[in-house]
Amino acid sequence: MSKHILKSEEHSSKLPQRHDLQQANDRTFFIDAANRNLIAIPPEILALKDLEEVHLENNLIEEIPKNIQRLKNIKILYLNKNNLECLCPELGNLGTLEGLDLSHNPLLASSLPVISYLQKLRELRLYHINLRELPAVICKRLHHLELLGLTGNHLESLPKEIVNHTKLREIYLKQNQFQVFPQELCVLYNLEIIDLDENKLSAIPEEIGNLTRLCKFYVAYNNLPVVPDSLGQCGKMSVLDVSHNLLQSIPHTLGQLTEMTEIGLSGNYLEKVPRLICKWTSLHLLYLQDTGLRSLRNSFKRLVNLHFLDLSQNHLEHFPPQICMLKNLEILALDDNKIGQLPSALSLLSKLKILGLTGNKFSSFPKEVFSLVSLEKLYIGQDHGSKLTYLPEMIEKLQNLKELYIENNYLECLPASLGSMPNLEVLLCQHNLLRKLPDTICQAQALKELWLDDNLLTHLPENLDSLVNLKVLSLKDNPMEEPPIDMCAKGIEAIWSYLKESRNRKRMAIKIQAWWRGTMVRKGLGRFGDLTKTRKKGKTSPKDKKGKKDAKAKPEKGNKK
């Protein structure tokens, strides 16, 4: 089952209604020229003096022209994902600019100080620009900065002048080279979000407790052996991700965090669910993947507001009954455990939409799944567990199912009832023993993806091309004959053409056969079936026999008696 993301990088502001360059006029306030393959900023944009927001991301722009200073009212400028190397001095004249995104550009560090002149700047994004050091002058002058994005660089520290950013609310330092937690952050008392995922941190200072407004704290994929007790002083904390560290427990002081809604503990060898977690009844998302769990606490059933629960890659031998009490659960991941049976009480999870059971020890398909009427995605591929040999016809009970993943099993056939599932969009049956597809699959009109690699298929249903929404049809490593392997390798359009031509040939053969039958009847040669039987026995037709009899009775000329 695919891992559902606990968090996402900070959200960009919503884009207003798009204005095309052709429609722009002197009173245009917003322009979206993103994704246009532009190699330069069009002069038409620079002539719009009232512009307040410009989107030029994902182009091929190599430089910012001097005329950029004409945009006296510009507030938002997005130039991320271009080919910028240098920033012109005139950029610093944009005195009204509040939001600037220069991410994913090959910028020279020497050109960055010009940003320090943008003293009204509130949001600055410099993701993935190979930055090794943040210029101190930026920290000295930008006193109104509220968001600073530096993800995906090579930073090992922050300049001490960062303490000047007293209004800073969000800082993103993911995927850098920090070995020591930046102590300077602990005096920025307005911080609400800190992201230090995927660094090399070995400790968090006790001073973290000074950040009483901290709401979201991300330090996953580091080398942390402990979490400081003082983190419990961050009373507004609602999201904490300490996944994939070296933790064996979490401090009991975190029990003071009464507003927790999301916590990630995956990849830490806890062995047991921390007792205090069961007190966080407001939790919505809980990640406990690969934590060495063999069971759940009885008090786990208190987490009635959970929407997402990840218990994959543990040592669970039985389905924890406490889960059935979590009636608001929408996503449940139990992949790669040792579960062999599901309880009948599973039907209590009436809101469950996504269920991951891949890599467990089911001896047959667990029919209890059919009671989950809201289920939209089911993962039951068995790459690491027991193999399933059949998929029951009762699968059609899952009328809301959109995606079915049943790869790496021993299925020899698929149920005909798949054609009665009106919402099925993705069917992944790779690495099975399928020899034939049911003709009824042509009725599954919602299908968009059909993955059939590494099976024993030789033929496809002749009307498979009636699946008008199908975009992906993968048939690699099958001994295909109709269509042949080389035709299948050309893609879905070639396959559809082959199936249509095959049907046309069959229709023509039927027409020729019908014409031949009609001809035989009109010539008085009897029914076509009788004629065929007679010829098989090597006999002549009744008409031929009559002709021979008349010839014997009639005397030849010149032999009168």
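Colleague: Is Y189 buried, partly exposed or exposed?

Modeller: This is a predicted model. Y189 has 47% relative accessibility, so Y189 counts as partly exposed.

Colleague: Where is Y189 found?

Modeller: Look in the loop between strand 7 (170–172) and strand 8 (193–195).

Colleague: Which residues make the nonpolar surface patch?

Modeller: V163, V187 and Y189 make a patch of about 250 Å².

Colleague: Now the inside. How should I read a nonpolar core?

Modeller: Start with the general idea. In soluble globular proteins, nonpolar side chains tend to be buried together. Here the largest nonpolar core has 151 residues. I115, F217, F300 and L473 touch the most other members.

Colleague: Which helices each supply at least two residues of this core?

Modeller: Helix 1 (43–46), helix 2 (136–141) and helix 4 (492–522) do. Helix 4 gives the largest share, 4 residues.

Colleague: What does L473 touch?

Modeller: Leave out residues up to four places away in sequence. L473 then touches L450, L452, L460, L464, I492, I495 and W496.

Colleague: What does the second, separate core include?

Modeller: That core has 9 residues. Among them are F308, I354, Y405 and V426.

Colleague: On to charges. How do I read a salt bridge?

Modeller: Side chains of opposite charge can pair when their charged atoms come close. The count in this model comes to 10 salt bridges. Take E146 and R122: their side chains meet in a salt bridge at 3.7 Å, N to O.

Colleague: Which parts does that pair tie together?

Modeller: E146 lies in the loop between helix 2 and strand 6 (147–149). R122 lies in the loop between strand 4 (99–101) and strand 5 (123–125). The pair therefore ties together parts that are 24 residues apart in sequence. R122 counts as partly exposed because its relative accessibility is 30%.

Colleague: Which residue forms a salt bridge with E170?

Modeller: R169 does, and the closest N and O atoms are 3.8 Å apart. E170 is buried, with a relative accessible area of 14%. R169 is partly exposed, at 27%.

Colleague: What about E192 and R169?

Modeller: They form a salt bridge too, with the closest N and O atoms 3.7 Å apart. E192 sits in the loop between strand 7 and strand 8, and R169 in the loop between strand 6 and strand 7, so the pair ties together parts 23 residues apart in sequence. E192 is partly exposed, with a relative accessible area of 27%.

Colleague: Which residues are linked in a network of salt bridges?

Modeller: E98, R122, E146, R169, E170 and E192 are.

How values were computed
Residues numbered from 1 in each chain as written. Predicted model: local features only at pLDDT ≥ 70, side-chain atom pairs only at ≥ 80, totals over all residues. Heavy atoms only, no water. Patch = residues over 30% accessible without salt bridge, like charges linked within 9 Å, V, L, I, M, F, W, Y side chains within 5 Å. Areas by Shrake-Rupley, 256 points an atom, 1.4 Å probe, with all protein chains shown as cover. Salt bridge = Lys/Arg side-chain N within 4 Å of Asp/Glu carboxyl O. Buried < 20%, exposed > 50% of the residue type's maximum accessible area, 1.4 Å probe, protein only. Core = buried A, V, L, I, M, F, W, Y, C linked by side-chain atoms within 4.5 Å. Contact = heavy atoms within 4.5 Å.
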